[in-house]
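Biologist: I'd like to go through this model with you and hear what stands behind the words you use for it. Can you show it to me first?

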Amino acid sequence: MQFHKYDVVIIGAGGAGMRAAIESGQRARTAVLTKLYPTRSHTGAAQGGMCAALANVEEDNWEWHTFDTIKGGDYLVDQDAAEIMAKEAIDAVLDLEKMGLPFNRTPEGKIDQRRFGGHTRNHGEAAVRRACYAADRTGHMILQTLYQNCVKHGIEFFNEFYVLDICLTETEDGPVCTGAVAYELATGEIHVFHAKSVVFATGGFGKVFKTTSNAHTLTGDGMGIVFRKGLPLEDMEFYQFHPTGLAGLGILLTEGARGEGAILRNASGERFMERYAPTIKDLAPRDIVARSMALEVIEGRGAGPNKDYVLLDCTHLGAEVLETKLPDITEFARTYLAVDPVKEPVPVYPTAHYAMGGIPTNVHGEVLRDNDHIVPGLYAAGECACVSVHGANRLGTNSLLDINVFGRRAGIAAAEYANSHDHVDLPENPAKVVEEQVALVLSEHGHERVADIRTELQATMDKNASVYRTEDTLKQALHDVQALKERYQRITVQDKGKRFNTDLLEAVELGFLLELAEVLVVGALARKESRGGHAREDYPNRDDTNFMRHSMYYKQGEGLSADIRLDYKPVTFTRYQPMERKY
Amino acid sequence: MTATAEVSTGSRGAQPPVPDGAITVTLKIRRFNPEVDDEPRWDEFEIPALPSDRVLNLLHYVKWYLDGTLTFRRSCAHGICGSDAMRINGVNRLACKVLLKDLLAPKGKQTTITIEPIKGLPVNKDLLVDMEPFFEAFRAVKPYLITYGNEPTRERIQSVADRERFDDTTKCILCACCTTSCPVYWTEGSYFGPAAIVNAHRFIFDSRDEGAEERLDILNDIDGVWRCRTTFNCTDACPRGIQVTKAIQEVKRALLFKRI
């Protein structure tokens with residue numbers, strides 16, 4: 001075992017982690033631990049843009065952006081946080097430009113902007129050009145630019161260090177975060193990082209689903225670790241299905257395509273979004289478009305031999321727009337479906353995309369241990385966190401914004417906390433949990449195969465906890481997940497070695513996935529209403545009387561099968577009263 | 001298949017059902033685990049696969065159902081993260097961007113796909129190589145915007161044409177396909193390699209940047225651009241379609257004529 005001592009430890013090197021590192025690294029001694037290499041994170045897969053009311057191409061202001069975010073989130077958004085995000089969006093984009101990000105430009109040489117789902121002028125009048133973009137690889141450019149700036153600032157990375165636990169030291173005032181414990185993939189060695197503050201930036205958990213835009217590595221590790229420590233998770237039933245995944249594959253095709261004018265059509269060629277969202281049509285928020293697409297298929301208007309998808313028609317955009325503004329998705333359709341978007345419409349269907357919920361934090365990125373108290377020294381930002389700026393449904397581009405605004409805030413807060421506090425002693429035996437976990441997975445204690453359990457988990461989640469849910473399907477999902485958890489106790493891995501044991505890694509990741517899938521389903525069962533990304537066929541309406549509140553989940557006791565306690569947290573309102581959501 | 005001391009003898013259960021339309025292909029994979037092996041070896045696996053499968057799917061099949069010790073990197077699975085560069089049938093490709101249908105043997109013949117780690121970087125285990133020398137070369141060319149003087153309050157102005165000038169090299173995902181396809185890099189590991197030069201190009205030709213001279217000095221070094229013999233392997237290998245050799249030539253020209 002090795003010990004390290006830092007002021008700030010950041011876990012995860014995607015957009016949020018590296019944005020935090022750039023701030024923290026200039027203020028305090030900082031280490032970034034990542035289970036991948038820095039530029040491998042899934043921020044790089046984001047395509048369409050990052051919204052900010054720059055008003056470079058038409059009138060816009062951040063108050064409209066705030067409103068759109070709140071309405072887009074079906075009023076479950078904490079309005080103070082949304083206001084901060086929309087206001088700071090402008091500097092967040094300008095900061096990235098100054099760091100070197102190659103945004104597309106207007107004829108005057110300013111940052112160009114395009115339309116995106118749910119982003120409107122003057123509280124819903126019409127779609128507005130608010131998304132700053134770099135072709136359809138905005139996330140790639142953000143990830144590269146942030147890594148480039150980490151290189152510039154000499155940020156210290158521990159690559160392929162898989163964090164499996166954090167250290168909480170009990171004090172008179174409750175638990176304080178004192179470090180993190182990582183498994184070094186190259187050697188199998190365990191490392192304890194003693195720190196004054198720890199920032200989680202570990203991303204989402206899309207791999208609980210089969211059809212997903214998410215990377216294989218998005219297994220909710222950070223959320224899982226926090227949950228196992230008895231700390232809460234928030235709003236986990238709200239999972240976003242992106243409307244335009246490549247049919248059958250789930251690979252993302254940006255909403256920016258519709259921002260540039262692409263149209264969704266059913267089997268008969270009808271522009272069906274005109275029926276569901278008469279004002280902004282194909283540019284309605286993702287929850288509404290995904291539900292509409294699912295309904296078209298359920299009601300028999302799907303395209304293709306099995307009538308199980310709809311079509312994204314880009315043919316009228318012309319080759320030049322596709323090649324210059326949407327080159328990557330054009331190539332994805334050609335490579336993976338052998339469909340040329342210039343000539344024919346692309347088969348698409350909703351794909352599991354983004355967790356609105358996560359580790360509850362305040363606007364400084366400080367992690368909550370209950371509705372009223374934080375865990376000193378512990379921070380979270382990005383998809384793994386829930387501030388909550390996305391509420392029940394995140395607007396397109398607001399994730400890239402979230403990682404930049406709240407990654408920056410968490411990095412500053414973590415460094416300032418570290419600079420004004422001493423190291424608190426680590427708890428006794430800080431590596432014990434991780435040592436036991438690794439030893440257990442490697443021991444011979446059963447014959448269950450990791451891939452089988454994962455495949456069955458993803459199948460039941462796709463079938464029973466996807467765009468539309470009912471009491472029955474969710475009960476089935478819960479039953480399945482709990483049975484899989486039981487089987488997980490008897491898993492075996494073939495690779496028993498210490499060197500780059502990715503067999504072990506996948507087994508550990510599956511443990512987190514199972515845990516988070518159960519929380520999602522328990523939350524979805526309890527929320528007997530439809531709101532944003534959570535659509536219950538048996539409760540089709542939003543119910544503000546009973547459910548205008550955040551869900552908070554706590555793990556009760558130890559072990560994978562421990563019960564989950566459900567609690568609630570009020571939503572913060574400032575100036576916007578809930579209204580019926582029409583587009 | 002050679003068993004090693006590190007492979008558990010535990011039963012591995014039934015294979016998943018074979019999908020309609022699947023064909024049987026042979027994967028011939030270069031294996032080496034320095035923890036237990038003295039020498040690299042070839043393992044062969046016969047597996048069912050669909051023509052629409054990516055090579056990455058086939059590797060997962062082996063890892064998940066046949067041999068859990070098979071080790072490789074992967075993440076996004078659609079050609080964006082740059083994790084799964086490997087030599088597939090002798091050329092550098094991302095395993096998630098090559099489809100089986102493009103590798104099929106002529107009708108009636110059994111398809112065999114050979115998979116090896118990318119060349120020129122130390123093999124850590126099977127298809128997983130040490131990326132550190134690659135990233136070291138990347139960091140050495142100062143791959144970040146360099147500017148002097150006060151920052152503007154708003155964005156820097158850049159014309160559409162100036163932005164277009166370096167568009168191609170902004171696509172790089174640092175997968176190392178180009179660098180490890182370069183014969184010069186195979187024999188002289190001290191050469192910066194194409195990817196580092198591509199990333200230098202991305203800034204040298206960015207109208208906002210003021211660090212071109214520093215970077216050109218670095219690339220004028222003995223291990224810099226002059227090692228390039230214009231074999232075009234790098235351009236053929238790039239999964240992002242970057243004109244790598246052209247970018248290197250543009251950097252050479254900038255050095256020769258001292259202008260960008």
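Modeller: Two strands count as paired if DSSP finds at least two bridges between them. Keep in mind that this is a predicted model. With that rule, chain A has an open sheet of 4 strands in the order E13-E16-E15-E14, paired antiparallel.

Biologist: What makes E13 and E14 of chain A the edge strands?

Modeller: Strand E13 (239-246) and strand E14 (263-265) of chain A each pair on one side only. From one strand to the next, the twist averages 45°. Helix H10(A) packs on this sheet, where it touches E13 and E16 of chain A, and its direction makes about 75° with that of E13(A).

Biologist: How do you know that E15 and E16 of chain A are paired?

Modeller: Count the bridges: the rule asks for at least two, and 3 join strand E15 (residues 310-313) to strand E16 (residues 346-355) of chain A. So the two strands pair, and they run antiparallel. One bridge partner to look for is A:Pro347 in E16(A), across from A:Leu311.

Biologist: And the sheet with the order E12-E25-E26 in chain A, what makes it open?

Modeller: That one has 3 strands with antiparallel pairing. Strand E12 (233-234) and strand E26 (563-570) of chain A each have a single partner strand, so one side of each has no neighbour in the sheet. Helix H15 (residues 502-526) of chain A lies across E12, E25 and E26, at about 60° to E26(A).

Biologist: A:Ser530 sits in the loop between H15 and strand E24 (535-536) of chain A. Why is A:Ser530 called buried?

Modeller: The cut-off is 20 or more other C-beta atoms within 10 Å. A:Ser530 has 23, so it counts as buried. Leaving aside neighbours within four places in sequence, its contacts include A:Ala535, A:Tyr539 and A:Arg542. Its C-alpha atom is separated by 17 Å from that of A:Glu234, 296 residues away along the chain.

Biologist: How do you know that the radius of gyration of chain A agrees with a compact globule?

Modeller: For 583 residues, the rule gives a value near 25 Å, and chain A has 22 Å, so the two agree. Of those residues, 66% count as buried. Among contacts between residues at least 6 apart in sequence, 75% join residues at least 24 apart.

Biologist: Over in chain B, what makes the buried residues of H2(B) line one face?

Modeller: The buried ones in helix H2 (residues 132-140) of chain B are B:Phe134, B:Phe135, B:Ala137 and B:Phe138. Seen down the helix axis, they fall within an arc of 155°, so they line one face. B:Glu132 and B:Glu136 are exposed on the other side. Helix H5 (194-204) of chain B is part of what covers the buried residues.

Biologist: Last one: which helix of chain A supplies the largest share of the side that touches chain B?

Modeller: H4(A), with 6 residues. In total, 48 residues of chain A are in contact with 44 of chain B. By class, the chain A side has 17 nonpolar, 17 polar and 14 charged residues.

Definitions and conventions
Residues are numbered from 1 along each chain as its sequence is written. Chains are lettered from A and ligands numbered from 1 in the order in which they are written. This is a predicted model: local features need pLDDT of at least 70, side-chain atom pairs count only at pLDDT 80 or more; totals for chains, interfaces and linings use all residues. A residue is buried if 20 or more other C-beta atoms lie within 10 Å of its own, exposed if 12 or fewer, and partly exposed in between; C-beta atoms are placed from the backbone. The arc is that of the directions from the helix axis to the C-beta atoms. Two residues are in contact if their C-beta atoms, placed from the backbone, lie within 7 Å. The radius of gyration is taken over C-alpha atoms; the globule rule is 2.2 Å times the number of residues to the power 0.38. Axes are lines fitted to C-alpha atoms, for helices over the stretch in contact, and angles run from 0 to 180 degrees between N-to-C directions. Ala, Val, Leu, Ile, Met, Phe, Trp, Tyr, Cys and Pro count as nonpolar, Asp, Glu, Lys and Arg as charged, and the others, Gly among them, as polar.
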